[in-house]
Amino acid sequence: MTGTDRAPKICVACGRTVEWRKKWERNWESVRYCSSACRQRGVRTVDQALESAITTLLDQRAHDATICPSEAARLVAHEQSKDDDSWRNLMEPARAAARRLVAAGEVEITQQGRVVDQSTAKGAIRIRRRRGPR
C-alpha cells in the first residue's frame with residue numbers, strides 16, 4: 001500500500017488533517033496527532049469546555065444560525081475567570097474545538113456563507129450546525 005492509497009486522518013488535538021508521511025509507514029494505524037506539540041498538549045478540560053460551549057450556543061440559536069468562535073471563548077473564559085481579556089487566549093483552542101466538531105460531523109465551518117476546509121481556513125470563520133446528510 002502506498003501513501004496515496006492511505007486515507008488522511010484527523011488530529012485528535014487540533015482537528016487538522018494529518019496526511020500520510022513516509023516516516024509513518026510502519027505505524028500509520030497508530031498515528032493520532034499531527035505534531036509533537038499536539039501530542040504533548042492533547043485535549044484538555046478547557047478544550048472539552050469549548051466544544052460544549054459551541055454546541056450550547058448553537059442549541060440556543062435558530063437551526064440555520066451561526067456563531068463566532070470568540071463567543072465560545074468568551075463564555076468559557078467568563079466561567080473560568082473574571083478577567084475581561086482572558087478569552088483572547090482561548091481563540092485558537094476555540095477554533096481547534098470547532099475543527100474537532102467538524103471531524104465528528106456535528107458542525108460546519110464557513111467563511112462568507114460557504115463551507116470551507118477546516119484544516120486550511122484562515123481568517124474569520126463562523127460555525128453552524130451541519131446541513132445535509134452525514
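Trainee: What should I know about the model before reading values from it?

Mentor: It is predicted, so local features need pLDDT of at least 70 and side-chain atom pairs count only at pLDDT 80 or more, while totals for chains, interfaces and linings use all residues. Residues are numbered from 1 along each chain as its sequence is written, and side-chain values use heavy atoms, with hydrogens and water left out.

Trainee: What makes a stretch count as a helix or a strand?

Mentor: Helices are DSSP runs of H or I with at least four residues, and strands are runs of E with at least two, numbered from the N terminus. The protein has 4 helices and 6 strands, in the order β-β-α-α-β-α-α-β-β-β.

Trainee: Why is V46 called buried?

Mentor: Buried means under 20% relative accessible area, exposed means over 50%, and partly exposed lies in between (1.4 Å probe, protein chains only). V46 has 13% relative accessibility, so it counts as buried. Of the 134 residues of the protein, 43% are buried.

Trainee: Where is V46, and what does V46 touch?

Mentor: V46 is in helix α2, residues 45-59. A contact means heavy atoms within 4.5 Å. Leaving aside residues up to four places away in sequence, V46 touches V76, Q80 and L90.

Trainee: Why is Q112 called exposed?

Mentor: The relative accessibility of Q112 is 72%, and the cut-off for exposed is over 50%, so Q112 counts as exposed. Q112 is in the loop between β4 (107-111) and β5 (114-115).

Trainee: How do you know how α3 and α4 are placed relative to each other?

Mentor: Axes are lines fitted to C-alpha atoms, for helices over the stretch in contact, and angles run from 0 to 180 degrees between N-to-C directions. On that basis, the axes of α3 (residues 69-80) and α4 (residues 91-103) come within 9 Å and cross at roughly 115°. P69, S70 and A73 of α3 and M91, A94 and R95 of α4 make the contact.

Trainee: What makes 42% of the contacts a separate group?

Mentor: Sequence separation does: among contacts between residues at least 6 apart in sequence, 42% join residues at least 24 apart.
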